[in-house]
Amino acid sequence: MRLAAMGDLHFSKSSRENLQPVFSEIGQKADVLLLCGDLVDYGLPEEAAMFAKELSSVKIPVIAVLGNHEFESGKQDEVRRILSDAGTTVLDGDACEIEGVGFAGVKGFGGGFGEQALKPWGEESVKRFVHEAIDEALKLESALAKLRTSQRIALLHYSPIEATVRGEPAAIFPFLGSSSLEEPLNRYSVTAVFHGHAHHGSMEGRTKNHVPVYNVAMKLLQHSLPDHMPFRIIELTGA
């Protein structure tokens, strides 16, 4: 199975038809398209409707998670419904299976990594921030636990490891991902992880248990692979 993955498309009214060459090539080279959040720019239903129309040219299965931009206008539920009605499987603590490969997805959240991760101590607002990341990690764990497939793919917007956000200013690492998301990835022997959000991060890294993690933010791919379309192809052996 060939997976095409990309994120942070930030689709807006000015993006019309810009993605058609990308989607056309994906349709020729991949069996499944994974979208890692920030699909639209301001989280507006009209953006989602236009994006869904662009995406209608893709005839392979499409699996997505939402990103922080989908929440900007407080209409994330409507955006999710529009994408789902158009045939995209939008995961939020859910799992699905395609031809024997399992997919689990959540948006994720920030909080930082390792010893520098924010702790739930002090003001209530800080505790809420930390618990949001923990809740997202629990949703990811629940989704992975539902899968009985030999290969499991995790789809996120925020990063689960520090390695794939390196290249961004260190001061914003806590807003790009959380180590809380890494724990379930190691526990359930995930095959590969895809995320976006860190536009100036690094393309690849691994969890402590050597699970490969791919940052597929579109701007990062455009900068790192200037002679290629801005998506990543990963082929699963035995799938």
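Predicted model: local features only at pLDDT ≥ 70, side-chain atom pairs only at ≥ 80, totals over all residues.
View 1. Residues are numbered from 1 along each chain as its sequence is written, and side-chain values use heavy atoms, with hydrogens and water left out.

**View 2. Strand E7 and its partner E6.** Strand E6 (residues 101-105) runs parallel to E7 and is joined to it by five bridges, with Ala 104 standing opposite Ala 154 of E7. E6, helix H4 (residues 124-145) and E7 make a right-handed β-α-β unit, meaning that, with the strands pointing away from the viewer, the path from the first strand over the helix to the second runs clockwise.

**View 3. The two faces of E7.** In a regular strand the side chains alternate between the two faces of the sheet. In E7, Gln 151, Ile 153 and Leu 155 lie on one side and Arg 152 and Ala 154 on the other, and all are buried, that is, under 20% relative accessible area (1.4 Å probe, protein chains only).

View 4. The rings of Phe 109 and Tyr 158 have their centres 6.0 Å apart and their planes at 50 degrees, so the pair is tilted; rings of Phe, Tyr and Trp (its six-membered ring) pair if their centres lie within 6.5 Å, and planes under 30 degrees apart count as stacked, over 60 as edge-to-face and the rest as tilted. Because Phe 109 lies in the loop between E6 and H4 and Tyr 158 in the loop between E7 and H5, the pair ties together parts that are 49 residues apart in sequence. Phe 109, Phe 129, Tyr 158 and Phe 175 form one aromatic cluster.

**View 5. Glu 136 and the backbone beside it.** Glu 136, found in helix H4, is buried, with a relative accessible area of 4%. A polar atom of its side chain lies 3.4 Å from the backbone nitrogen of Lys 107, and a polar atom of the Glu 136 side chain lies 2.8 Å from the backbone nitrogen of Gly 108.

Key: Buried < 20%, exposed > 50% of the residue type's maximum accessible area, 1.4 Å probe, protein only. Helix = DSSP H or I, 4+ residues; strand = E, 2+ residues; numbered from the N terminus. Pairing = 2+ DSSP bridges. Polar contact = N/O pair within 3.5 Å; in protein donor to acceptor, adjacent residues only side chain to side chain.
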